[in-house]
Amino acid sequence: MHRLLAFIEQNLYFILFAVLQVVCSFLLFGLNPYQQASFTHSAAVVTANSNKLSSDVTGYLDLKNQNIILQNQVANQFQNSSLGTIMYLHDTLKVKDSSRQHLYDLVPAQVVYNSVYKAENVFVINKGTIDGIKKNMGVVSSEGLAGIVLKSNAKYSTVMSLLNTNMKVIPNINGMEYFTELVWDNSSPQTMKIKGINKLEKIEVGDMVQTGQSSLLFPRGIPIGTITKLEQKENSQYFDTELVTTTNFRNLTYVYVVINRDAHLIAPLIEE
Amino acid sequence: MRIVLFWLFIIGLQVVLLNHLDLSAYLIPQVFILLLIKLPLNINKMYQVLIAFGLGLLMDMFTSTPGIHASACLWLIIIRIGLLSGQDLKEHEANKATFSANTAGLAPFMYTTIILVFFYHLYIFWLESIGALNWSLWLTTFIVSSISALTVMGIIEYLSFTNYDE
C-alpha cells in the first residue's frame, strides 16, 4: 500500500496530464465547430460499426434457430408444391376444376454422423420413430437426393447414403425413365455411374439426372446429379455414363426425410 | 526578471508577428514552444504540466482554437520530461539552470528541440484538420513551419546564449 501510494505520488504529474488532456478534448470537440462536426461524424461511424458488429454476432448466434425455421419453411413449401402432391381432375370431361391431393410430407433433420470414404457409407440423422420416421423412407438434401432410411430407433435413424455400393436408384434423364441402375463404385465421394444406356438414346454431357416415377420413396424430379462423362466404347452398344451428385456428401448437415403418406396403400397394389 | 521579459518577448513575437505572417499558407511557425523547451530544470513535473497547459490555453485564446495548443503543449511537456530523464542534468538541475545549449550541450539541446518542434507542428496541424486530412498540405505545412520555427529558435538561442542563464 505504501509502495502504491509512493508510485502514485511519483507519477502524479502524469495523472494531472491525463486529466488536463480530457479537459482539452472537451474544449477541442466542444468549442471548435469543425472538430465538433468531425467528432460527431466519427462517433456516428463508430456507433454504426459497433451496432453492425453486435448485429452480426447476434445473427451468428441465432443461425441455428434460423436454420430450423428455414428447414420448416422448405418442408412446407415442398408439401404445397407440385412435387409433393398428385394432381387429379374432378371431372375429366368438363375439366372445370382441379385439386391437389397432398402425398408427401417432409421431416427436417440434422445429420449427426456421416461417412463418405467407405464402400457402404451411411449417415445418422436426429429424427426417429417418434417423428414418424420408418425404414425405407427417402431422404433428400436441399440440393438433391441423399439416401434411404435403413433403420430407426426412437430418436435417431440410420440412412443408407447414395454413396453406398448397395444403393440402386433408377435414373430419369430428360424426362425419360431408364430401366437400368445408378450405382456408386466407391471411386470418388461425388461421382456415380450409370451403365446400360443405349448409344441411340439422346443424352448429352450436362443433362440432369433426376428421380422418376418408378419409386414410391421419392417424388418425381428430385435432382440426383449432372452427367459429366459419356463414353462410347467400340465393342459395346451402351454408354459408360458418369455423373456428379448434386448433393455434396462431404458437407451434409441438413436433410429432409420424405414420407409418402399413401405408400401403404400403393405398395400392395404394385406387388400384386 | 530576465526570464519574465524573455517570456513576454517570445509570446509577443508569436502573437503579434508570427501568427499573422502572410508569406505563405504553409508557414505557421510555433516559436513560443521554446518557452516550454527551455523551462528551468529544477521545476517540479506537476508545475511543468500546469505551465504547459496554461501557456497552451493562452495561445488558444489568441488563435481562437480552444484546446488545440493546450493539448499539444501537454504532450510536448510529457515528451520533454521523457527525453530529459535520459540526459545527465543533475548538476544543472541543482543550479536551477534552464534547459539550453549552454547547460545541456549543443547536440542534446538540438536533438531534443528538433524532436519537440517537429512533434508539436505535426500534432497541431493534424488536430486542426482532423477528419478531413489533406496529406500533402499537412506534410508541407508541418515541414515548412517546423523548419522556419527551428530557424527562428536558433537565432533566439544564439542571441540569448550568454545572457539567459545568468
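Trainee: In which sense do strands β3 and β4 of chain A pair, and over how many bridges?

Mentor: Happy to. This is a predicted model, in which local features need pLDDT of at least 70, side-chain atom pairs count only at pLDDT 80 or more, and totals for chains, interfaces and linings use all residues. Residues are numbered from 1 along each chain as its sequence is written, while chains are lettered from A and ligands numbered from 1 in the order in which they are written.

Strand β3(A), residues 104-114, pairs with β4(A) in the antiparallel sense, over three bridges. Strands here are DSSP runs of E with at least two residues, helices are runs of H or I with at least four, and both are numbered from the N terminus. Two strands pair if DSSP finds at least two bridges between them. Five residues lie between β3(A) and β4(A), and the two strands form a hairpin. One bridge links N114(A) to F123(A) in β4(A).

Strand β7(A) covers residues 157-164 and runs antiparallel to β4(A), joined to it by five bridges.

Both neighbours of β4(A) belong to a closed barrel of six strands, β3-β4-β7-β6-β5-β15 of chain A, with antiparallel pairing. Angles here run from 0 to 180 degrees between N-to-C directions, with axes fitted to C-alpha atoms, for helices over the stretch in contact.

Chain A has an open sheet as well, with seven strands in the order β9-β8-β12-β13-β14-β11-β10 and antiparallel pairing. At its edges are β9(A), 176-177, and β10(A), 182-183, each pairing on one side only. Within this sheet, β8(A), residues 171-173, meets β12(A), residues 208-211, in the antiparallel sense through three bridges, and I173(A) has V209(A) in β12(A) as its bridge partner.

Among the helices of chain A, α2(A), residues 12-31, packs against α3(A), residues 33-61, at an angle of about 95 degrees, with axes 5 Å apart. That makes the two roughly perpendicular (65 to 115 degrees). L28(A), F29(A) and G30(A) from α2(A) meet Q35(A), Q36(A) and F39(A) from α3(A). These residues divide into three nonpolar, three polar and no charged; Ala, Val, Leu, Ile, Met, Phe, Trp, Tyr, Cys and Pro count as nonpolar, Asp, Glu, Lys and Arg as charged, and the others, Gly among them, as polar.

Chain B gives a contrast in make-up, with eight helices and zero strands. 15 of its residues are in contact (C-beta atoms, placed from the backbone, within 7 Å) with 16 residues of chain A. α3(B), 45-63, and α4(B), 68-85, each supply at least two residues of that side, and the largest share, five residues, comes from α4(B). By class, the side of chain B that touches chain A has 10 nonpolar, four polar and one charged residues.

Helix α4(B) has buried residues that include I68(B), L74(B), I77(B) and R80(B); buried means 20 or more other C-beta atoms within 10 Å of a residue's own, with C-beta atoms placed from the backbone. The buried residues of α4(B) pack against α2 of chain A together with α2, α3 and α7 (106-128) of chain B.

Elsewhere in chain B, P29(B) sits in the loop between α1(B), 2-17, and α2(B), 34-37. P29(B) counts as buried because it has 22 C-beta neighbours inside 10 Å. S146(B) is 117 residues away from P29(B) in sequence, yet the two are 6.2 Å apart in space, C-alpha to C-alpha. Not counting residues up to four places away in sequence, P29(B) touches L18(B), S145(B), S148(B), A149(B) and V152(B).

Notes. Angles under 35 degrees count as roughly parallel, over 145 as roughly antiparallel, 65 to 115 as roughly perpendicular and the rest as oblique. Two residues are in contact if their C-beta atoms, placed from the backbone, lie within 7 Å. A residue is buried if 20 or more other C-beta atoms lie within 10 Å of its own, exposed if 12 or fewer, and partly exposed in between; C-beta atoms are placed from the backbone.
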